[in-house]
Amino acid sequence: MSRVVSYPHLAHYGVAFRPVAAMLGDVLSPPPMTQRTLALGAANSPEAACLPFKLTLGNFIESLDAGADLLLQAGGGCRLGYYGEVQEQILRDLGYRDFELLSITTANAGSLRALARTFKRANPRLTYRAMSRAVTLAGRKLQLLDDALDRARRLHVHALDHEGFERVVTAFVRSLDEAEDATAAEAVAERFGRELAEAAPHRAHAALRVGVVGEFYAAVEPSANHGLDRELARFGAEVFRPVTLSAVLDLDFGGPSHMRKLLDDAAPYLRFEVGTDGTKAVAYANRFQRDGFDGVVHVRPFGCIPEVNVLPAMQRLSREQAFPILSLSLDTQVSDVGMRTRVEAFCDMLRLRRAARASG
Amino acid sequence: MFHRQHERLRVGVPQSLLYHRYGTLWTSFVEGLGHEAIVGPRSNMSLARTGAALAPDETCLPFKLHLGHVAAIADRCDVVLAPRIASVRRGEENCVRFKVAYDAIANLLPNVRVETYTVDVGERVRERRELVDLGRRLGAGTWRAHVSYERARRRQRRHERDTASVALDALRAPGDGPRLLLVGHAYNVADDLVGVPIVRMLTAMGARPIPADALVPATKRGAGNALSASVYWTYSRELLAVIAQFAEEVDGIVFLMTFPCGPDSLVTDLAIRRLRHIPTLNLVLDDLDGLTGLQTRLESFVDIVAARSRAAV
């Protein structure tokens, strides 16, 4: 009997996860992220676990209830690589018996060959040919998705009508998800490019330019950050968010030269690598500062060690360069309204600074 | 002879964080180079307040204390030692907190001269090479740095063996009172504001607390796999190995964790879920003023453990 495979929500990246999950069985998209997801995750997690742990655990519970029996988890770097074993035990203690949790970490997927072996163990009937086709398609879709949404985040502020713009984006993601091969996916992305230009013609009004940096999950998952990208756009900012899944994979496979470049960019605020996404956060923020951006939003889950590690560097960067950095710590208590208010106040402040500069 | 003359420096070694693990290595190495090792004071409230004021809010308690320790000795030395111990074993890591040891001080206490070295076995950055380089940066010749390192390493090993045998004796000494394994990072258990008051309270209640971290050299590596197969933090693996190996010889286990600890937040939860046959107590400390509130929790735990072992007899 074929297995039912599911994975946690991660922004729109289901588009890239689906072809991979499909190698292992029938795909069950995780049920939509709701207050219930968060409540289930929080109630069953260790108190001091970080927000991504709680939300992904909530996803797993809802996926199991919907009939999944193979759960995919991934991670490495901080405590993320250890999620799998702990979440599996929690789920078993909750009474779920007939499932497997496959955690893709540096221990079993440090190289492409190791990754292939891991997939093969999970589904012995899988051929290398099918695997290579699925992974290639997932990779292509991922690249198209990240490139297209990167552009969308910059253009959103120029949208003639925000709801209409968001509908175009949603439709694009759905079509990309449904595309059966690379050619079809590329056509979808090309069409989206044209639609974007119509929905949000670049106007010469002086939009703010704001960078978003920080911990990966917190930066990309809208239910964790309460639609940070969208709120920034609605309050008048072109959003530049270099934190994407493509960027994470580039760095993981990029080797030491990538890290040296990041440390060059982070100088003089960091001299050494500080773990997971922390080094990137300082490097990107410093790059935005040098490129004349209006400000940066630094997001992290509450207690995220790599991101707390860089707070002193961020604070010094902000102080010495008089560069606005909004630091957001996300936990289960943050609300949509709380987020909106903070983003609104930040954008207002950035506009006042611009006006003061123009007149001063 | 072999020794080039160089300026004698006062090298500050704060008595916090991994001092409780590698302190002998560090002081012996510094002295071998011909410098003076200035070991800082033990934790006290004034230093704790300084650290808490310096650190960003979500910093863990031991790192806040550490910053206070650095600030407390900075005036008395020419340079402060702030090692980055990222990974000490192949395929394993330490908490990423230790990676920021240098940069946190450089950013928060810009007037302090800091020297560092990195151990990151996963990235092939090894202790010997890094400490010899550090020795040379501090003015010693290569030969002398090597000799100092070798001697420091031997002393460190001997110190660990001695501590382990003291702990083993304590564990196996005859006598009444429930034996409690106190499981926590060395820098928490040995800290005057964190673990020491708890040990004192437990002792006053008639229990016999045994620090798990001291037993590490007496355990087999991998013994903790039964408690968690995939945990990759070295210090957590070691503590789990101690639990797996010595749980039979104690009456209860007290987990001591400081907030917010990334590794412990998950490891402790999993361990308690899997340790069903022995009483456990999970203490989470997030600030230092509330220690007296622990008195009642400790008392009732000691009572339960004592009643349980009487029933077993």
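Let me start with A:Val15, which touches A:Lys141, A:Leu145, A:Val173, A:Leu176 and A:Asp177 when residues up to four places away in sequence are not counted; by contact I mean that the C-beta atoms of two residues, placed from the backbone, lie within 7 Å. This is a predicted model, in which local features need pLDDT of at least 70 and side-chain atom pairs count only at pLDDT 80 or more, while totals for chains, interfaces and linings use all residues. Residues are numbered from 1 along each chain as its sequence is written, and chains are lettered from A in the order in which they are written.

A:Val15 sits in helix H1 of chain A, residues 14–22, where a helix is a DSSP run of H or I with at least four residues, numbered from the N terminus. A:Val15 counts as buried because it has 22 C-beta neighbours inside 10 Å, and the term buried asks for 20 or more other C-beta atoms within 10 Å of a residue's own.

Turning to where the chains meet, 30 residues of chain B are in contact with 32 residues of chain A. On the chain B side, helix H4 (101–108) and helix H10 (262–274) each supply at least two residues, and H10(B) gives the most, with 7 residues.

Finally, B:Ile243 is in contact with B:Leu181, B:Val183, B:Ala212, B:Gly224, B:Leu227, B:Ile253 and B:Ala271, again leaving aside its neighbours within four places in sequence.

Conventions
A residue is buried if 20 or more other C-beta atoms lie within 10 Å of its own, exposed if 12 or fewer, and partly exposed in between; C-beta atoms are placed from the backbone.
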